[in-house]
Amino acid sequence: QVQLVESGGGLVQPGGSLRLSCAASGRIFSTYVMGWFRQAPGKEREFVATIRWSSGSTLYTDSVKGRFTISRDNAKNTLYLQMNTLKPEDTAVYYCATRNTYSPAEYLHSRVRDYDYWGQGTQVTVSS
């Protein structure tokens, strides 16, 4: 079992920044990939970014490239999402997730069903 707890969400004006954190505990040693997803009201959960836990390789959805940065601190078992130049369309509940099922080397997963454990989510609202 892996437990994930997100933090760092809030209300921010357009153009502002936020940094989300996701603290992981439990069977961390078996983590291959961690990712961030988001879900806006009335919409399906969508991929935002993912990172290989060991190598640090990353993948982003096109709409956040150049604005968001995913990173991890292996020593602290913590995943981060730095979000800059936020837009109203970034408003959503943000979830972190981990894949502990076998994953081929350097493969970056972007599908919801590829992840095994999920946090409870943190609300990000971008509004003036």
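**Salt bridges, cores and ring pairs in a predicted model**

Arginine 38 and glutamate 46 meet through their side chains in a salt bridge, with 2.7 Å from N to O. The model is a predicted one, and its structure holds five salt bridges.

Arginine 38 belongs to strand E4 (residues 33-39), while aspartate 90 is in the loop between strand E8 (78-83) and strand E9 (92-99), so the pair ties together parts that lie 52 residues apart in sequence. Both arginine 38 and aspartate 90 are buried.

Aspartate 62 counts as exposed, because its relative accessibility is 62% and the cut-off for exposed is over 50%. Lysine 65, with a relative accessible area of 48%, is partly exposed.

On the covalent side, the structure holds one disulfide. This disulfide joins cysteine 22 to cysteine 96, with the sulfurs 2.0 Å apart. The link between cysteine 22 and cysteine 96 is right-handed, with 50° about the S-S bond. Distant parts of the chain are linked by this pair: cysteine 22 is in strand E3 (residues 18-26) and cysteine 96 in strand E9, 74 residues apart. Cysteine 22 is buried, at a relative accessible area of 0%, and cysteine 96 is likewise buried, at 0%.

Next comes the packing of nonpolar side chains. In soluble globular proteins, such side chains tend to be buried together. In this model the largest nonpolar core has 27 residues, and Trp36, Leu81, Met83 and Tyr94 are the ones with the most contacts inside this core. At least two core residues come from each of strand E1 (2-7), E3, E4, strand E5 (46-52), strand E7 (68-73), E8, E9 and strand E11 (122-126). E3 gives the largest share, with four residues. There is also a second, separate core of five residues, including Phe37, Phe47, Ala97 and Tyr115.

Methionine 83 is worth a look on its own. Leaving aside residues up to four places away in sequence, methionine 83 touches Gly16, Ser17, Leu18, Leu20, Arg67, Phe68, Tyr94 and Val124.

Strand E8 is mostly covered, with five of its six residues buried. E8 pairs with E3 in the antiparallel sense over six bridges, and arginine 19 has glutamine 82 in E8 as its bridge partner. E8 pairs with E7 too, in the antiparallel sense and over six bridges; in this case serine 71 stands opposite tyrosine 80 in E8. E7 and E8 form a hairpin with four residues between them, and asparagine 77 in the turn has a positive phi of about 50°.

As for the aromatics, a search of the whole structure finds five pairs. The ring centres of tyrosine 32 and tyrosine 102 are 5.9 Å apart with their planes at 80°, so this pair is edge-to-face. Tyrosine 32 sits in the loop between E3 and E4, and tyrosine 102 in the loop between E9 and strand E10 (117-118), so that distant parts of the chain, 70 residues apart, are linked. Tyrosine 32 counts as partly exposed at 27% relative accessibility, while tyrosine 102 is exposed, with a relative accessible area of 56%.

Phenylalanine 37 and tyrosine 115 make up another edge-to-face pair, at 5.1 Å centre to centre and 75° between the planes. Phenylalanine 37 lies in strand E4 and tyrosine 115 in the loop between E9 and E10, so the pair ties together parts 78 residues apart in sequence. Phenylalanine 37 and tyrosine 115 are both buried, and both are among the residues of the second core. Ring pairs also link Phe37, Phe47, Tyr115 and Trp118 into a cluster.

Key
Residues are numbered from 1 along each chain as its sequence is written. Side-chain values use heavy atoms; hydrogens and water are left out. A salt bridge is a side-chain nitrogen of Lys or Arg within 4 Å of a carboxyl oxygen of Asp or Glu. Buried means under 20% relative accessible area, exposed over 50%, partly exposed in between (1.4 Å probe, protein chains only). A disulfide is a pair of cysteine sulfur atoms within 2.5 Å. A nonpolar core is a set of buried Ala, Val, Leu, Ile, Met, Phe, Trp, Tyr and Cys residues joined through side-chain atoms within 4.5 Å. Contact means heavy atoms within 4.5 Å. Two strands pair if DSSP finds at least two bridges between them. Rings of Phe, Tyr and Trp (its six-membered ring) pair if their centres lie within 6.5 Å; planes under 30 degrees apart count as stacked, over 60 as edge-to-face and the rest as tilted.
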